[in-house]
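Work through the two exercises below with the sequence and the structure side by side, and try each task before reading its solution.

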Amino acid sequence: LCLRGMGLYSEALARIKSVLREYRGVCDAEGIGFALYARGSVLRFQGRLAPALRDLSASLAEAHAGGDKEAIDYRRAAIAGCLRERGKRGDTARSYDRYSLAAAGAARRRDTYLRAYAACGRANALRMMGRFDEALPLFDEAERLYKLIGDRASYAYTLWARSMLRATRR
């Protein structure tokens, strides 16, 4: 995921392929699930949403099978992002619902980062559905939480997303 963050997608995918082979070789279901999550995240950043959704869905199924509630919530949020970006009819509403489930789990676990991420994702989904007044408090929440944890990059993205709401509203 660090390579993804640096924009080194080909290198990230090559490493994930190798790691996935290793996990499959030792039948490590949790490792396979995480590798699929990582690959799906890279594919999403590349705009390859169909294969990203396949990998993320498989990783979510693995998290459910293992009962890993934190992984379930992070993977729900990743799938929500893909659905929102894909923008097909009904995808944005489904994206909002998945972000909401992830946010509820994050609140139970006191996971501030995922709460912020899901708030921003829900706000963006509402913005895309034209529900601007409902989106604003969620942008406020995301900004507040990102400031709290010192995530300046995500805070800046949230400010940009809010500006898109203002531009769309005009």
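**Exercise 1.** Find the volume of the largest pocket and state which elements line it.

*Solution.* The largest pocket holds about 540 Å³ of space; here a pocket is an open set of points on a 1 Å grid over the protein atoms alone, where a 1.4 Å probe fits, with protein on both sides within 12 Å along at least five of seven lines, and lining residues have an atom within 4 Å of a point. Among its 24 lining residues, R4, R44, F45, Y113 and Y117 are the closest to the centre. Next, sort the lining by element: α1, α3, α5 (69-86), α7 (112-128) and α9 (152-169) each give two or more residues, and α7 has the largest share, with six residues. The model is predicted, so local features need pLDDT of at least 70 and side-chain atom pairs pLDDT 80 or more, while totals for chains, interfaces and linings use all residues. Residues are numbered from 1 along each chain as its sequence is written, and side-chain values use heavy atoms, without hydrogens and water.

**Exercise 2.** Decide which residues of helix α2 are buried and how they are arranged around its axis.

*Solution.* Begin with the buried residues (under 20% relative accessible area, with a 1.4 Å probe and protein chains only), which in α2 are A12, L13, I16 and L20. Seen down the axis of α2, these fall within an arc of 90°, taken from the directions from the axis to the C-beta atoms, so they line one face of the helix. On the other side of α2, S10, R15, K17, R21, E22 and G25 are exposed, which stands for over 50%.

Key:
Helix = DSSP H or I, 4+ residues; strand = E, 2+ residues; numbered from the N terminus. Points joined across faces, edges and corners; volume = space filled by probe spheres on them.
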